[in-house]
Amino acid sequence: MDTLKARILCALKSSLPAAASPPPSPTKPGRAAAAVVVVAGDAFSDDASFFDAHETPTKNGAEPIDDWELVDEEGRVGVAAAAAEEEEEQLREFPARCPPGGEGAVVLYTTTLRGIRKTFEDCNGVRALLENLDVAFQERDVSMDRGLRDELWSVTGEKAVPPRLFVRGRDVGGAAQVLALHEDGRLLALLSPGSNKNRSAAAAAAKCDACGGLRFVVCGECDGSRKVFDGERGRGVRCRGCNENGLVMCALCL
C-alpha cells in the first residue's frame, strides 16, 4: 500500500507545472517564497498523510472493503451473495434427499399415465408452474421407465407418488407442498440460485431433436418390440437394451 501511494505521489508531482516564484515583497523579502514551497511540500509529502487523512474510518482498525472483494465461491458479488446465502438457508429446512445427478439441479418426477386422474392432473399442474416460472428442470417420467419409479422410491424411502420435486438435493415435496410454497411467495426464491436460468435453457431441453423433450426414444435394436432374434437358439429372446416399454434413454439428453 505504501509503495502504491508513493508511486501515485511521484506521478502527481511530475504532472504539476513548475511553480513560478512570486516577486519578492518589498517589506518582508523571502517569506512568501518560503511559504509557497512549504505548502507545496505539505500537499504532496511522501508520507502519504493526504491519503491517510481521507481514508474512511472503520471499526477495530480494519481496512475498508470494496464491493468487488465481497465475492463468494459462485462468483456472486456483495448483496447478491448475501441473498443467495439466505435462500440456501431456507432450502435447508427440507429433508436432504438427493436423486442421482440432482446435486445442483431441479428434478421433477412425474407420470404421463392417465391411470389415476388426480395424480395425472397434479403432475401437469406442477410442470406448468415450473415452466411459467422460467425454471430449467429435469423431468423424470416414471411411467416411461420402471427404473425411474424405483429410483424415486429409493430416494424417498417410501412408495412415493408423483409429482415429487427435488431442489439441489433437497426433497421439497409433492403437489400440495409445491403449490403452498408458491402461494407464500417462497418457491421462486428456493429455485432461483440453482436454476434461475433464462427461458431458452428450459426450452432447449424441452425441444431435443432426438426425443422432442420426452427423454426416451425407441430402442434401435428391437424397434420397440422388446424382442430380438437369437441365431444360436434359433428363436426370439428378450431385448437387453431397452426397458419394459421398448424404450431407451435419449443419448442427447443424457
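Trainee: How do the residues lining the second largest pocket divide into nonpolar, polar and charged?
Mentor: The lining has 7 nonpolar, 4 polar and 5 charged residues. Keep in mind that this is a predicted model.

Trainee: What volume does the second largest pocket have?
Mentor: About 300 Å³. Of its 16 lining residues, Thr-111, Leu-113, Val-142, Arg-149 and Pro-162 are the closest to the centre.

Trainee: Which helix gives the most to that lining?
Mentor: Helix α6, residues 146–156. It contributes 3 residues to the second largest pocket.

Trainee: Switching topic. How many aromatic pairs does the structure hold?
Mentor: The structure has 1. The partners are Tyr-109 and Phe-166, with ring centres 5.8 Å apart.

Trainee: Why is the pair called edge-to-face?
Mentor: Because the ring planes of Tyr-109 and Phe-166 lie at 80 degrees, and over 60 counts as edge-to-face.

Trainee: And where do the two sit in the chain?
Mentor: Tyr-109 is in strand β1 (residues 106–110), and Phe-166 is in strand β3 (residues 164–167).

Trainee: Now confidence. What does pLDDT average over the protein?
Mentor: The average is 76, and 63% of the residues score at least 70.

Trainee: Where does pLDDT stay under 50?
Mentor: One such stretch is residues 31–45, with 9 contacts beyond four places in sequence. Residues 194–206 also stay under 50, with 17 such contacts.

Trainee: What should I do with coordinates where pLDDT is low?
Mentor: Don't read them in detail.

Notes
Residues numbered from 1 in each chain as written. Predicted model: local features only at pLDDT ≥ 70, side-chain atom pairs only at ≥ 80, totals over all residues. Heavy atoms only, no water. 1 Å grid on protein atoms, 1.4 Å probe; cavity = no way out; pocket = protein on both sides within 12 Å on 5 of 7 lines; lining within 4 Å. Points joined across faces, edges and corners; volume = space filled by probe spheres on them. Helix = DSSP H or I, 4+ residues; strand = E, 2+ residues; numbered from the N terminus. Nonpolar A, V, L, I, M, F, W, Y, C, P; charged D, E, K, R; others polar. pLDDT = per-residue confidence, 0-100. Contact = heavy atoms within 4.5 Å. Phe/Tyr/Trp six-rings, centres within 6.5 Å; stacked < 30°, edge-to-face > 60°.
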